[in-house]
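The contacts come first, then the surrounding shell, then the confidence scores.

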Amino acid sequence: EENEYEKAHLAIIFDRYKDRLTTFPKEKGWISETLYMYHGFWHLSGGVYSIETMMALQESFKAHPTDIYLVTLPKSGTTWMKALMFALVNRTRYKNNCRLTHPLLIFNPHKCLPFIEPEIYRKTPTYVDAHQPRLFATHIPYTLLPQSILDSGCRLVYMCRNPKDVLVSLFHFTNKLRDKSRGIMTFEEAFEMFSNGVMPYGPHWDHVKGYYNANLEHPTRILFLTYENMEKDTMNNVKRLAEFLGCPFTKKEEAEGAVEEIVKICSFKNLKEVNKHGNLRDDVPNHTFFRKGKVGDWSNHLTTEMSYILDQIVKEKFEGLDISF
Ligand code: A3P
(Lines give C-alpha, C1' and ligand atoms only; values in the text may rest on other atoms or scores of the structure.)
Protein backbone atom coordinates (compact mmCIF):
# COMPACT_ATOMS: atom_id res chain seq x y z
CA GLU A 1 0.00 0.00 0.00
CA GLU A 2 2.84 2.34 0.90
CA ASN A 3 4.42 1.51 -2.43
CA GLU A 4 1.28 2.31 -4.38
CA TYR A 5 1.00 5.61 -2.53
CA GLU A 6 4.59 6.49 -3.41
CA LYS A 7 4.11 5.54 -7.03
CA ALA A 8 0.97 7.61 -7.36
CA HIS A 9 2.67 10.59 -5.74
CA LEU A 10 5.72 10.30 -7.98
CA ALA A 11 3.51 10.03 -11.08
CA ILE A 12 1.94 13.38 -10.18
CA ILE A 13 5.39 14.94 -9.74
CA PHE A 14 6.72 13.51 -13.03
CA ASP A 15 3.69 14.87 -14.82
CA ARG A 16 4.17 18.31 -13.29
CA TYR A 17 7.69 18.72 -14.74
CA LYS A 18 7.46 16.72 -17.96
CA ASP A 19 7.23 19.75 -20.23
CA ARG A 20 10.23 21.45 -18.64
CA LEU A 21 12.30 18.28 -18.96
CA THR A 22 12.00 18.33 -22.74
CA THR A 23 13.92 21.62 -22.79
CA PHE A 24 16.99 20.28 -20.90
CA PRO A 25 20.10 18.86 -22.61
CA LYS A 26 20.30 15.07 -22.29
CA GLU A 27 23.04 12.45 -22.14
CA LYS A 28 23.11 8.70 -21.91
CA GLY A 29 23.24 7.68 -18.24
CA TRP A 30 25.37 5.19 -16.29
CA ILE A 31 22.76 3.03 -14.55
CA SER A 32 19.68 4.99 -15.61
CA GLU A 33 18.84 5.51 -19.28
CA THR A 34 19.19 9.27 -19.31
CA LEU A 35 20.82 12.14 -17.48
CA TYR A 36 19.44 15.68 -17.76
CA MET A 37 21.48 18.86 -17.50
CA TYR A 38 19.93 21.47 -15.25
CA HIS A 39 21.75 24.56 -13.87
CA GLY A 40 25.13 23.12 -14.83
CA PHE A 41 24.69 19.67 -13.27
CA TRP A 42 23.62 16.23 -14.51
CA HIS A 43 20.54 14.68 -12.91
CA LEU A 44 18.77 11.35 -12.92
CA SER A 45 15.23 11.16 -14.13
CA GLY A 46 12.14 9.16 -13.40
CA GLY A 47 12.71 7.64 -9.97
CA VAL A 48 12.58 8.92 -6.44
CA TYR A 49 16.20 10.14 -6.81
CA SER A 50 15.43 12.29 -9.82
CA ILE A 51 15.49 15.79 -11.14
CA GLU A 52 11.71 15.83 -10.81
CA THR A 53 11.87 15.10 -7.09
CA MET A 54 14.64 17.65 -6.66
CA MET A 55 12.52 20.35 -8.26
CA ALA A 56 9.57 19.37 -6.11
CA LEU A 57 11.77 19.52 -2.98
CA GLN A 58 12.98 22.96 -4.03
CA GLU A 59 9.38 24.08 -3.95
CA SER A 60 8.20 22.47 -0.76
CA PHE A 61 10.92 20.98 1.45
CA LYS A 62 11.00 22.45 4.97
CA ALA A 63 14.28 22.17 6.80
CA HIS A 64 14.44 22.57 10.58
CA PRO A 65 17.21 24.78 11.98
CA THR A 66 18.48 21.83 14.01
CA ASP A 67 18.73 19.46 11.02
CA ILE A 68 22.09 18.17 9.87
CA TYR A 69 22.66 17.19 6.24
CA LEU A 70 25.33 14.90 4.86
CA VAL A 71 26.21 15.90 1.31
CA THR A 72 28.31 13.81 -1.07
CA LEU A 73 28.66 12.86 -4.68
CA PRO A 74 27.70 9.24 -5.28
CA LYS A 75 30.58 6.83 -4.51
CA SER A 76 32.43 9.30 -2.33
CA GLY A 77 31.89 7.51 0.97
CA THR A 78 28.21 8.30 1.60
CA THR A 79 27.47 4.96 3.25
CA TRP A 80 30.46 5.23 5.58
CA MET A 81 29.57 8.79 6.60
CA LYS A 82 25.92 7.87 7.12
CA ALA A 83 27.07 5.16 9.52
CA LEU A 84 29.44 7.48 11.37
CA MET A 85 27.00 10.35 11.75
CA PHE A 86 24.20 8.06 12.86
CA ALA A 87 26.44 6.21 15.32
CA LEU A 88 27.86 9.43 16.79
CA VAL A 89 24.60 11.27 17.29
CA ASN A 90 22.80 8.23 18.74
CA ARG A 91 25.63 6.73 20.74
CA THR A 92 24.19 7.08 24.22
CA ARG A 93 20.98 5.38 23.12
CA TYR A 94 22.71 2.08 22.42
CA LYS A 95 25.50 2.25 24.93
CA ASN A 96 25.25 -0.12 27.86
CA ASN A 97 21.81 -1.28 26.82
CA CYS A 98 22.13 -4.91 26.01
CA ARG A 99 18.46 -5.18 25.09
CA LEU A 100 18.87 -2.79 22.18
CA THR A 101 20.87 -4.14 19.25
CA HIS A 102 22.78 -1.39 17.54
CA PRO A 103 20.94 -0.62 14.25
CA LEU A 104 24.21 -0.71 12.33
CA LEU A 105 24.62 -4.35 13.31
CA ILE A 106 21.39 -5.24 11.50
CA PHE A 107 20.52 -2.54 8.98
CA ASN A 108 22.20 -0.91 5.99
CA PRO A 109 23.41 2.60 6.98
CA HIS A 110 21.13 3.90 4.20
CA LYS A 111 18.19 2.70 6.31
CA CYS A 112 19.47 4.50 9.40
CA LEU A 113 20.13 7.87 7.78
CA PRO A 114 17.83 8.48 4.79
CA PHE A 115 18.16 10.74 1.78
CA ILE A 116 15.79 13.72 1.67
CA GLU A 117 14.16 12.67 -1.61
CA PRO A 118 11.54 10.30 -0.11
CA GLU A 119 10.42 13.19 2.14
CA ILE A 120 8.45 14.43 -0.84
CA TYR A 121 5.80 11.76 -0.33
CA ARG A 122 6.49 10.31 3.11
CA LYS A 123 3.39 10.25 5.28
CA THR A 124 4.33 7.81 8.01
CA PRO A 125 6.70 8.91 10.76
CA THR A 126 10.08 7.21 10.82
CA TYR A 127 13.12 7.18 13.05
CA VAL A 128 14.06 10.60 11.69
CA ASP A 129 11.03 12.32 13.16
CA ALA A 130 11.46 10.83 16.58
CA HIS A 131 14.92 12.21 17.21
CA GLN A 132 16.73 15.51 17.22
CA PRO A 133 18.72 16.58 15.36
CA ARG A 134 17.11 15.12 12.24
CA LEU A 135 19.83 13.60 10.07
CA PHE A 136 19.42 13.52 6.29
CA ALA A 137 21.64 12.95 3.30
CA THR A 138 21.59 14.34 -0.21
CA HIS A 139 23.70 14.48 -3.38
CA ILE A 140 22.16 17.80 -4.53
CA PRO A 141 24.74 20.44 -5.61
CA TYR A 142 25.05 23.48 -3.31
CA THR A 143 23.45 25.95 -5.70
CA LEU A 144 20.42 23.68 -6.14
CA LEU A 145 19.72 22.86 -2.49
CA PRO A 146 16.16 23.65 -1.39
CA GLN A 147 16.25 27.27 -0.23
CA SER A 148 14.93 26.34 3.20
CA ILE A 149 18.08 24.29 3.90
CA LEU A 150 20.18 27.37 3.22
CA ASP A 151 17.87 29.78 5.04
CA SER A 152 17.35 27.69 8.15
CA GLY A 153 21.02 27.96 9.06
CA CYS A 154 21.34 24.21 9.63
CA ARG A 155 24.64 22.36 9.45
CA LEU A 156 26.05 20.48 6.45
CA VAL A 157 28.77 17.84 6.39
CA TYR A 158 30.38 17.56 2.96
CA MET A 159 32.57 14.62 2.04
CA CYS A 160 34.42 14.36 -1.26
CA ARG A 161 36.79 11.80 -2.73
CA ASN A 162 39.57 11.62 -5.29
CA PRO A 163 37.78 11.80 -8.66
CA LYS A 164 39.80 8.85 -9.99
CA ASP A 165 38.56 6.59 -7.19
CA VAL A 166 35.01 7.91 -7.63
CA LEU A 167 35.22 6.98 -11.30
CA VAL A 168 36.42 3.44 -10.52
CA SER A 169 33.82 2.94 -7.79
CA LEU A 170 30.99 4.22 -10.00
CA PHE A 171 32.15 2.02 -12.87
CA HIS A 172 31.89 -1.14 -10.74
CA PHE A 173 28.63 -0.05 -9.12
CA THR A 174 27.13 0.59 -12.56
CA ASN A 175 28.03 -2.82 -13.90
CA LYS A 176 26.52 -4.46 -10.84
CA LEU A 177 23.25 -2.57 -11.06
CA ARG A 178 22.38 -1.57 -14.56
CA ASP A 179 19.86 -3.41 -16.62
CA LYS A 180 21.39 -6.43 -18.34
CA SER A 181 19.77 -5.33 -21.62
CA ARG A 182 22.19 -2.38 -21.73
CA GLY A 183 25.21 -4.66 -21.65
CA ILE A 184 28.42 -4.25 -19.69
CA MET A 185 29.95 -0.79 -19.56
CA THR A 186 33.60 -0.70 -20.55
CA PHE A 187 36.08 1.26 -18.48
CA GLU A 188 36.95 3.37 -21.54
CA GLU A 189 33.31 4.39 -21.82
CA ALA A 190 33.15 5.20 -18.11
CA PHE A 191 36.33 7.28 -18.37
CA GLU A 192 35.02 9.20 -21.36
CA MET A 193 31.77 10.10 -19.62
CA PHE A 194 33.40 10.96 -16.31
CA SER A 195 36.08 13.18 -17.83
CA ASN A 196 33.35 15.04 -19.72
CA GLY A 197 31.72 15.69 -16.36
CA VAL A 198 28.85 13.30 -17.08
CA MET A 199 27.86 11.50 -13.88
CA PRO A 200 24.80 11.83 -11.65
CA TYR A 201 25.09 15.20 -9.79
CA GLY A 202 28.36 15.90 -11.65
CA PRO A 203 30.62 17.26 -13.01
CA HIS A 204 32.57 15.96 -10.02
CA TRP A 205 34.79 19.07 -9.80
CA ASP A 206 31.91 21.55 -9.95
CA HIS A 207 30.07 19.74 -7.16
CA VAL A 208 33.20 19.74 -4.98
CA LYS A 209 34.02 23.37 -5.80
CA GLY A 210 30.50 24.48 -4.90
CA TYR A 211 30.76 23.08 -1.40
CA TYR A 212 34.41 24.08 -1.00
CA ASN A 213 33.51 27.70 -1.63
CA ALA A 214 30.40 27.46 0.55
CA ASN A 215 32.62 26.15 3.34
CA LEU A 216 34.93 29.17 2.98
CA GLU A 217 31.92 31.43 3.24
CA HIS A 218 30.23 29.58 6.12
CA PRO A 219 33.01 27.73 7.97
CA THR A 220 30.96 27.07 11.09
CA ARG A 221 27.96 25.74 9.20
CA ILE A 222 29.72 23.49 6.71
CA LEU A 223 32.29 20.85 7.52
CA PHE A 224 34.44 19.88 4.53
CA LEU A 225 35.98 16.40 4.63
CA THR A 226 37.74 14.10 2.20
CA TYR A 227 37.54 10.31 2.07
CA GLU A 228 41.32 10.14 1.89
CA ASN A 229 41.86 12.22 5.01
CA MET A 230 39.17 10.26 6.81
CA GLU A 231 40.96 6.99 5.96
CA LYS A 232 44.35 8.36 6.95
CA ASP A 233 43.34 9.72 10.33
CA THR A 234 39.97 8.23 11.17
CA MET A 235 40.17 8.76 14.94
CA ASN A 236 40.88 12.49 14.84
CA ASN A 237 38.40 13.12 12.05
CA VAL A 238 35.68 11.25 13.92
CA LYS A 239 36.35 13.37 17.00
CA ARG A 240 36.20 16.49 14.86
CA LEU A 241 32.96 15.27 13.29
CA ALA A 242 31.45 14.63 16.75
CA GLU A 243 32.27 18.20 17.78
CA PHE A 244 30.71 19.59 14.62
CA LEU A 245 27.57 17.49 15.15
CA GLY A 246 27.24 18.96 18.65
CA CYS A 247 28.06 15.75 20.50
CA PRO A 248 31.77 15.98 21.35
CA PHE A 249 33.36 13.03 23.16
CA THR A 250 33.92 13.62 26.84
CA LYS A 251 37.30 12.85 28.41
CA LYS A 252 35.66 9.92 30.14
CA GLU A 253 34.28 8.53 26.88
CA GLU A 254 37.66 8.88 25.22
CA ALA A 255 39.33 7.07 28.11
CA GLU A 256 36.78 4.28 27.83
CA GLY A 257 37.48 3.79 24.12
CA ALA A 258 34.19 5.20 22.83
CA VAL A 259 35.85 6.70 19.73
CA GLU A 260 37.44 3.36 18.78
CA GLU A 261 34.10 1.63 19.31
CA ILE A 262 32.35 3.90 16.81
CA VAL A 263 35.17 3.65 14.30
CA LYS A 264 34.94 -0.13 14.58
CA ILE A 265 31.18 -0.43 14.17
CA CYS A 266 31.39 1.82 11.08
CA SER A 267 34.44 0.11 9.63
CA PHE A 268 34.34 -1.27 6.11
CA LYS A 269 34.95 -4.76 7.52
CA ASN A 270 32.01 -4.67 9.92
CA LEU A 271 29.54 -3.00 7.56
CA LYS A 272 30.46 -5.33 4.73
CA GLU A 273 29.81 -8.34 6.94
CA VAL A 274 26.46 -7.01 8.23
CA ASN A 275 25.34 -6.21 4.67
CA LYS A 276 26.33 -9.46 3.00
CA HIS A 277 22.71 -10.39 2.33
CA GLY A 278 19.41 -8.71 1.59
CA ASN A 279 18.31 -5.78 -0.53
CA LEU A 280 18.15 -2.08 0.25
CA ARG A 281 15.39 -1.56 -2.27
CA ASP A 282 13.91 -3.56 -5.12
CA ASP A 283 16.96 -4.34 -7.20
CA VAL A 284 19.72 -2.94 -5.05
CA PRO A 285 21.49 -5.58 -2.95
CA ASN A 286 23.01 -4.26 0.29
CA HIS A 287 26.44 -5.61 -0.62
CA THR A 288 26.81 -3.31 -3.67
CA PHE A 289 27.76 -0.45 -1.33
CA PHE A 290 30.82 -2.30 -0.04
CA ARG A 291 33.42 -3.15 -2.65
CA LYS A 292 37.05 -2.49 -1.60
CA GLY A 293 36.92 0.58 0.58
CA LYS A 294 40.50 1.54 -0.31
CA VAL A 295 42.28 4.74 -1.29
CA GLY A 296 44.00 4.60 -4.68
CA ASP A 297 42.35 1.62 -6.37
CA TRP A 298 42.32 3.86 -9.47
CA SER A 299 45.90 2.81 -10.17
CA ASN A 300 44.58 -0.68 -11.02
CA HIS A 301 42.20 0.74 -13.63
CA LEU A 302 43.47 3.94 -15.24
CA THR A 303 46.16 3.92 -17.92
CA THR A 304 48.98 6.45 -17.56
CA GLU A 305 47.29 8.52 -20.23
CA MET A 306 43.87 8.46 -18.56
CA SER A 307 45.47 9.45 -15.27
CA TYR A 308 47.31 12.32 -16.95
CA ILE A 309 44.14 13.60 -18.62
CA LEU A 310 42.18 13.61 -15.35
CA ASP A 311 45.10 15.25 -13.52
CA GLN A 312 45.07 18.07 -16.05
CA ILE A 313 41.31 18.58 -15.75
CA VAL A 314 41.39 18.55 -11.97
CA LYS A 315 44.42 20.87 -11.82
CA GLU A 316 42.63 23.40 -13.96
CA LYS A 317 39.26 23.08 -12.19
CA PHE A 318 40.71 23.24 -8.68
CA GLU A 319 43.18 26.01 -9.44
CA GLY A 320 43.68 28.22 -6.40
CA LEU A 321 41.81 25.85 -4.07
CA ASP A 322 43.52 24.03 -1.25
CA ILE A 323 42.20 20.54 -2.04
CA SER A 324 44.37 17.46 -2.13
CA PHE A 325 43.32 13.84 -2.37
P1 A3P B 1 34.94 1.39 -3.56
O2 A3P B 1 34.03 1.06 -4.71
O3 A3P B 1 36.18 2.15 -3.98
O4 A3P B 1 35.27 0.21 -2.72
P5 A3P B 1 29.01 5.52 -1.48
O6 A3P B 1 28.74 5.06 -0.10
O7 A3P B 1 29.09 7.00 -1.61
O8 A3P B 1 28.15 4.87 -2.47
O9 A3P B 1 30.52 5.07 -1.80
C10 A3P B 1 30.85 3.73 -1.92
C11 A3P B 1 32.35 3.57 -1.71
O12 A3P B 1 32.66 3.66 -0.32
C13 A3P B 1 32.82 2.19 -2.16
O14 A3P B 1 34.16 2.40 -2.60
C15 A3P B 1 32.74 1.42 -0.86
O16 A3P B 1 33.50 0.24 -0.84
C17 A3P B 1 33.27 2.45 0.12
N18 A3P B 1 32.86 2.19 1.52
C19 A3P B 1 31.68 1.72 1.97
N20 A3P B 1 31.69 1.60 3.30
C21 A3P B 1 32.90 2.02 3.72
C22 A3P B 1 33.51 2.12 5.02
N23 A3P B 1 32.87 1.76 6.12
N24 A3P B 1 34.77 2.59 5.07
C25 A3P B 1 35.45 2.94 3.95
N26 A3P B 1 34.91 2.86 2.70
C27 A3P B 1 33.65 2.41 2.59
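A polar contact here is a pair of N or O atoms within 3.5 Å; within protein, one must be able to donate a hydrogen and the other to accept it, and residues adjacent in sequence count only if both atoms are side-chain atoms. The model is predicted: local features need pLDDT of at least 70, side-chain atom pairs count only at pLDDT 80 or more, and totals for chains, interfaces and linings use all residues. Residues are numbered from 1 along each chain as its sequence is written, and side-chain values use heavy atoms, with hydrogens and water left out.

A polar backbone atom of Cys266 lies 2.9 Å from a ligand nitrogen, and for Phe268 a backbone N or O atom is 3.2 Å from a nitrogen atom of the ligand. On the oxygen side, a ligand oxygen sits 2.6 Å from a backbone N or O atom of Lys292. The protein buries 97% of the 570 Å² that the ligand exposes when taken alone (accessible areas by the Shrake-Rupley method with a 1.4 Å probe; for residues, only the protein chains shown count as cover).

Which residues come nearest to the ligand? Of the 19 around it, they are Lys75, Thr78, Thr79, Ser169 and Lys292 (near means that a heavy atom of the residue lies within 4 Å). Helices α3 (78-89), α11 (227-232) and α15 (268-274) each supply at least two shell residues, and α3 gives the most, with three (helices are DSSP runs of H or I, at least four residues, numbered from the N terminus). By class, the shell has seven nonpolar, seven polar and five charged residues (Ala, Val, Leu, Ile, Met, Phe, Trp, Tyr, Cys and Pro are nonpolar, Asp, Glu, Lys and Arg charged, the others, Gly among them, polar).

As for confidence, the chain averages a pLDDT of 94, and 97% of the residues score at least 70 (pLDDT is the predictor's confidence in each residue, from 0 to 100). The predictor gives the complex an ipTM of 1.00 and a pTM of 0.97.
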